[in-house]
2 protein chains.
Amino acid sequence: MSTIHINWQPDKTASTPIYQQITNYFQHAIASGDWPVGTKLPAQRKLAEQFGVNRSTLITALDELIAVGLITSTPGSGMTVSGNHWSSLLAEHVNWSQYVKAGQFKPNPHAIQKINQFETDAVIRLSTGEPAPDQFPRALFQKAFDHLGRSLTSLNYSEPAGILALREQIARHLVKVGIHTKPENILITAGSVQALQLVAVSLFPKGATIYTEAPTYVKSLQVFQSAQTHLAGIPMDNQGMAYWQITPPTDESHAIMYTIPTFNNPTGIVMSAERRQQVLKYAQEHRIPILEDAAYQDVWFDQQPPQPLKASDDSGNVIYFGSISKSLAPGLRLGWTVASQPVIDRLTDVRMQTDYGASSLSQLVLAEILADPEYDTYQAHFRDVLAKKAAAAEAILHHYWDDIATWQTPTGGFYLWVRLADRINVQKLFDLATAQNVLFNPGSIYDFQPNQYIRLSFSYESTERFEQGIKILTQLINENF
Amino acid sequence: MSTIHINWQPDKTASTPIYQQITNYFQHAIASGDWPVGTKLPAQRKLAEQFGVNRSTLITALDELIAVGLITSTPGSGMTVSGNHWSSLLAEHVNWSQYVKAGQFKPNPHAIQKINQFETDAVIRLSTGEPAPDQFPRALFQKAFDHLGRSLTSLNYSEPAGILALREQIARHLVKVGIHTKPENILITAGSVQALQLVAVSLFPKGATIYTEAPTYVKSLQVFQSAQTHLAGIPMDNQGMAYWQITPPTDESHAIMYTIPTFNNPTGIVMSAERRQQVLKYAQEHRIPILEDAAYQDVWFDQQPPQPLKASDDSGNVIYFGSISKSLAPGLRLGWTVASQPVIDRLTDVRMQTDYGASSLSQLVLAEILADPEYDTYQAHFRDVLAKKAAAAEAILHHYWDDIATWQTPTGGFYLWVRLADRINVQKLFDLATAQNVLFNPGSIYDFQPNQYIRLSFSYESTERFEQGIKILTQLINENF
């Protein structure tokens, strides 16, 4: 184990932040081999002195180096160079803006990483956009497994666009919502996120503006932002996107619309039938192609929502994304994209380079289930249970939060979009709640500006646990705000 | 239906090819709304006259416009504008070089698209890198389905890095090849292609050089090329990559090594144990991180191959890619990446933005199967059958091709890498063979220069059908070369 002497100091007049200069310096010293693995670093106090910076700046830099694996800190024995060449490359990518510049991936913001991680732990998950485990239709799956166990003779790659039998079932399924299409116009994807990703890398022109509802689910993803595009939030009224507030694109600009017209996530707003026609007409006139995200299409309570935009699209202007994650099982990781054939062909081609197709096993199981006449019975029951849970959740909010929050009654989907009183600091409440094992999604991750909203899912947890979660939040609010 | 008058002509002095100028002109006229959908185009003869170009140039341009869906040609009634706004965006992306510039996806070359498409048809598939359907272990899967049918209580998203029980099984499985790792160091991916994709977008510096065996499987993918990197082919001898022929990178350049040390695809070459140590040492000295693709690790015939590079990697310099596609079932779409924890964390984060995790169903089934004591019995039997098929395939080649081809006896993997006599035009043979429903992979898709090789898979088809395919190829060769 060698030790080192440092003669370098950060340039305090440079525009690069001091901590960033320090991480760069460490990274280069390690990547160049000057500081081989095992090298012991001077104590923090000495480093801060040498660099002429305060401890907190130094610690910011060291934390980043530890996070990417370039150095290791062991209590008692100090810091050691542990980095390999991958750590060094990782360190270069720590600069988020570089991802964006390269048209590649931005890391998930910290809050989303935290949610992804927490979601798998034993906490009260008012954040989780998934069907409740106890709504899982075991009998349907067991029947499909039994049948596959007897009939499956191999499990190889599927057709590039997805197993034909599944695409046929999906075409049949789409007729129920007014979309008449053919298997050739359908691509099976690993859920909607992959579909959005494929469209972004295959079709988005550099610098495109994506008009979308504000707030919107897609703001919480990095997928479009990473594709060198710009998300522009358009306000909603209770009929859906206020499309007339779009600044009409000039001929040169590249504009695309992304919309969740049915049970918008997170707000639950349903675009009215009339607004749908207006939006289609506006997009046609202004030559704006449309991405329609229909993840919650089948998750209605008492009344089937208006037909998707795609049902009225006779020019191929709408690319439609469906998913089985919200109405059956996210663990199948399956969705479908409906578009004109040249678009499907291109997406399929890019998709083969991405992961060589979706799980054949998942596809076979889903084809079995969609073909089962009992699927419709299951769906009706699923919606019925969900509607009851929604009503119960709302009653709980009325009981505890009538004086500190407002919301609209949802008519489908999984969420209550709740505005908290101004005195409540949502970010602080989020931190306090996670410490108490209650998880919800702060509204700001979906919005284009800070807001006072939180998204509560009534789908995943039982009504009892939902109430337990609200009780804890209520107590935290009373004690802290 | 309106018709149009065209006053434009291509600029014959410009550096943009004439046909490209024509497609651009059409695309802009359609995208701008000047030529609405339904517009009838003048006859080809008239268009060629107006543009002052010959028919073949015009047809090149029109074919591209038809391919992306901007115009439709109906025999008898001529050409019509059929494009929607997505077709127009698609047309912009037709310019392949733009994909590369944007660090995004290059379309699969035409030959590979053709192979992907043919692979699902009823042809003799000497191209197919998959286990034979009749080697599918139905009993193992049936047992797993039965167990899941009884025990599965939900099917939601898995942990971001993959289901823990599966990562534990994989860690246990890796001990057999000398890799001692922990679940935290494993990311479950949708096969190796996705893993390579994730590494490329998460870790590759812009303009990096990827040193790899020549020929290599990865050359047939667009994944690295699309990530603004440069593939550099390094020759092999019978011990593996001739690493000393690498031009050592300067400090400034970003160099990465990609290797398939065990049963290199397509050549079947196994890197010797000694060479593995030398390559590791070389990479360490020159600070070149290594990507080790071990897709065929478990597919050996008589003798277990040397341990993976990863088994000797104590500095985290090697990222290891394993897959279940070659030894069990590609339709599960599952693979695993083993790396240091900061690398796994970053890849996991990017992966969640790509498709929100692998199929939970596939993961659960694979965890069941890997935990089944009968899995090892199946593997031994699988290898035994494969070894016999390899020997039979080689005997067939000896019978028909001793005077027109040479090859090495494979000791594992799925392929015979066959050099055809110089008089045989491989591309022409490929075209003739596909017309006769026999498919093989031309060696040039794996190489950095044209070559006289073809890759024949003995794995997928039965020995009888393999012989039938070779007979057809022999006849084509005799008649045409």
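Hi everyone, let's start with two helices. The axes of helix 11 (residues 341–354) of chain A and helix 9 (residues 191–203) of chain B come within 7 Å and cross at roughly 90 degrees. Axes here are lines fitted to C-alpha atoms, for helices over the stretch in contact, with angles running from 0 to 180 degrees between N-to-C directions. Helices (H or I, at least four residues) are DSSP runs, numbered from the N terminus. Because 65 to 115 degrees counts as roughly perpendicular, that is the word for helix 11 of chain A and helix 9 of chain B.

Who touches whom? Met352(A), Gln353(A) and Thr354(A) meet Val193(B), Gln194(B) and Gln197(B), where contact means heavy atoms within 4.5 Å.

A word on the model: it is predicted, so local features need pLDDT of at least 70 and side-chain atom pairs 80 or more, while totals for chains, interfaces and linings use all residues. Residues are numbered from 1 along each chain as written, chains are lettered from A and ligands numbered from 1 in written order, and side-chain values use heavy atoms, without hydrogens and water.

Now the whole interface. Chain B and chain A each bring 104 residues to the contact. How many salt bridges link chain B and chain A? The count is zero, taking a salt bridge as a side-chain nitrogen of Lys or Arg within 4 Å of a carboxyl oxygen of Asp or Glu. On chain B, helix 7 (residues 138–151) gives the most to the side touching chain A, with nine residues. Thanks, everyone!

Key: Angles under 35 degrees count as roughly parallel, over 145 as roughly antiparallel, 65 to 115 as roughly perpendicular and the rest as oblique.
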